[in-house]
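Thank you all for coming. Please have a look at the sequence and the model on the screen, and then I will take you through them.

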Amino acid sequence: MLSTPKPIGSISSAPIPKLKPKLSTWSVLLTALIAAIMSATAIYQFNQIAERSNNTRLLLTRVKEQVSRLNALEWEGIAKGEIDENLTEELAENRQSTDIILNELQQIDQQDSLSNLFSLYMLYRTEIDDAMGLIAQGKIKEAIDIDADGIDEIYDDLYAEVAILEKRFIEQKEQTRRIADFGTSASLILSAAIIGSLFHRFSNKLWAKNQALETALQDLQQTQSQLIQQEKMAALGQLIAGVAHEINNPLGTIKASADNTHKALQEALVELPYLHQRLNDAEQASFFELVQRALNSQPLIASTENRALKRKLTTQLQEYGLENARDTADLLMDMGIHEQTEFLAPLLKGDQGEWAVQFAYNLTCSFINNQMILRAVDRSAKIVFALKSYARFDQTGKKQRVEVTDGLETVIEIYHNQLKRNIELIRDYQPIPAIWGYPDELIQVWTNLIHNAIQAMQSKGKLMLTTRQQDDGVEVSITDTGSGISPEVQQRMFDAFFTTKAAGEGSGLGLYISQKIVEKHQGYIAVESQPGCTQFKVWLPIGAV
Amino acid sequence: MSDAAILCVDDEVTILKCLKEQLKRCFGNRYIYEVAQNAEEAWIVIDELISEEIKILIIVSDWLMPGIKGDEFLTQVHQRFPKIVTVMLTGQADEAAIERARREANLYACLHKPWTEAELQQVISTALD
């Protein structure tokens, strides 16, 4: 782990210092380009000079050859004693070639360093021409004299001059070559330095960027785990709201029933002494029959049919001339009595009828209230048990033996209130082996899938839960008769933050987290959906510790 | 005989049972007490009572019920019968729903489960004064 408090600052302040290195990078590049062009030009020029020196040297060598040849031709003339046609031709050829070479040399020679050579050659040629003229006239002896006097001397001077020049141009060539080589090496070193420095700068920038990205990635990962935690908390919040409702309902029943029992007993105790005074034997018999029947029957739940029964009973009671026939009928209905009411005749015919029914009600209602209290307590205990299973957070992080159906039942218990009414719950559990897994996380998966199913059905329809053993694992199917999931939504519904619910209602993490949990178990989750039938299948391997 | 009624709506039968008994013990024969398990049934009861020329004074409704929720039901009641006093009795306080009911159903009071007899008595008595 890197301790990187700094890069966070560098992200926010990045745009300002970024400008500076960018500018200097460009200026360095521009300077390097200009230097490269300049050095290339210089090297090119040096190479040109070296080339020229080399050419000059070669030409000079050729001058030497031409001069030697001319000398040889002269001696050939002397030897022959005449200038024949052949010799004339060769002389002309030699002159022409020499002229061309000298012409070239003149063009190359800009520093006038060859002027001495030219004048020596001109002198030499004049002497040779003179000698040739004498040979042509047959004056061989004179020609030989001129030779001995001047030509040989001039020839030697000329030869020496050419040699000196040759040497100088060789030196010049080598020097310029050395300069050019040095320039090339220097340029190469400079380029390497520039490339190195630019590379260093770029890699520095890359490193800084890399650091920033790493920090950003860490931030993102942290945010992701925070969001997953938030989703868990949101699910818990939703659950707690549901549980509050689930617990407060039985609590309301318990409180009100206890109050009612208390009041009923108080009233009954006050009235008890009057029982024998107010009712005769027949009325008493009728009274105790009423008490007995009330204890053995269940109160009638409000419904259209029962209201019709109550109206019928009211009419019957009115025939006995009761003042509050409707209220008395209501009391009798609450005691579960609505038919075969003939046994009440003695009681209702008397003038204490209504008082007696109320008294009987007070005596018996505490039994019914007690039953309701017991049921409410059972219900609360069940919810608390389910909550305990739900919230059993395993701290060890180790796999445990899990009975998959227990988890499903826990979730059903929690969603009891939403399931009990218009949703028909079908359990199709086949015996399945216990698997190795993380029970609390699996409960989160079942919660999510069942919650989605209830929502898809808008709390009305059929919810089917199936368990099967499949290969080396168990398969749980959750099928609902809801609106179905479109293929487009199916493609994206396991993505994090994808939700079809209104903004603020769903986090879009439910199925994403469910899938992650199933993958953690090396299982898979699949969906098949069409309007009216959506099935989520979760396969989990039996696995090992 | 009374010609004024109090109607209680809740999806839990036991709640209806003890609520009705409680009201009876508090207000005796002054009113007729009717119950319904959901909004749909409540409308039937309302129609029946009207046909019997019985005036509905108060409707006490749960909020979280299958189908139509309490606030929506009370709003519908208020639109049709503006004189009926609306009271909510809820186990799970959804603040937004309560606020909506206050605004759109002229909600008189909201009781929270588990409620006390005194609270219930006070709300009903003051509402009917």
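Residues are numbered from 1 along each chain as its sequence is written, and chains are lettered from A and ligands numbered from 1 in the order in which they are written.

Let me begin with chain A, which has 16 helices and seven strands; helices (H or I, at least four residues) and strands (E, at least two) are DSSP runs, numbered from the N terminus. Its average pLDDT, which is the predictor's confidence in each residue on a scale from 0 to 100, is 84, and 91% of the residues score at least 70. Over residues 1–20 of chain A, however, pLDDT stays under 50, and where pLDDT is low, the predicted coordinates should not be read in detail.

Of the 545 residues in chain A, 28% are buried; a residue is buried if 20 or more other C-beta atoms lie within 10 Å of its own, exposed if 12 or fewer, and partly exposed in between, with C-beta atoms placed from the backbone. One helix to look at is H14 of chain A, residues 439–456, which has 18 residues and reaches 26 Å from its first C-alpha to its last, close to the 26 Å expected at 1.5 Å a residue, where the expected span is 1.5 Å times one less than the number of residues. Its buried residues include Leu442(A), Trp446(A) and Ile450(A), and just after H14(A), Gln458(A) takes a positive phi of about 50 degrees.

How many residues of chain A are in contact with chain B? There are 28, and they meet 28 residues of chain B, two residues being in contact if their C-beta atoms, placed from the backbone, lie within 7 Å. On the side of chain A that touches chain B, the largest share, 14 residues, comes from H5(A), and the elements giving two or more residues are helices H5, H8, H9 and H11 of chain A.

Turning to the cores, a nonpolar core is a set of buried Ala, Val, Leu, Ile, Met, Phe, Trp, Tyr and Cys residues joined through C-beta atoms within 7 Å. The largest has 74 residues, and those with the most contacts inside it are Ala360(A), Leu7(B) and Ile59(B), while H11(A) gives the most to this core, with eleven residues. Apart from it lies another core, of 37 residues, among them Val243(A), Tyr415(A), Trp446(A) and Ile525(A).

Finally, an unreviewed UniProt entry carries the annotation "modified residue: 4-aspartylphosphate" at Asp62(B), although such annotations may be inferred rather than shown by experiment, and UniProt positions are given in the numbering used here, with feature names shortened. Asp62(B) lies in the loop between strand E3 (55–61) and helix H3 (70–80) of chain B. Is Asp62(B) buried or exposed? Asp62(B) counts as buried, because it has 27 C-beta neighbours inside 10 Å. Not counting residues up to four places away in sequence, Asp62(B) touches Val9(B), Asp10(B), Asp11(B), Gly70(B), Leu89(B) and Thr90(B).

Key: This is a predicted model: local features need pLDDT of at least 70, side-chain atom pairs count only at pLDDT 80 or more; totals for chains, interfaces and linings use all residues.
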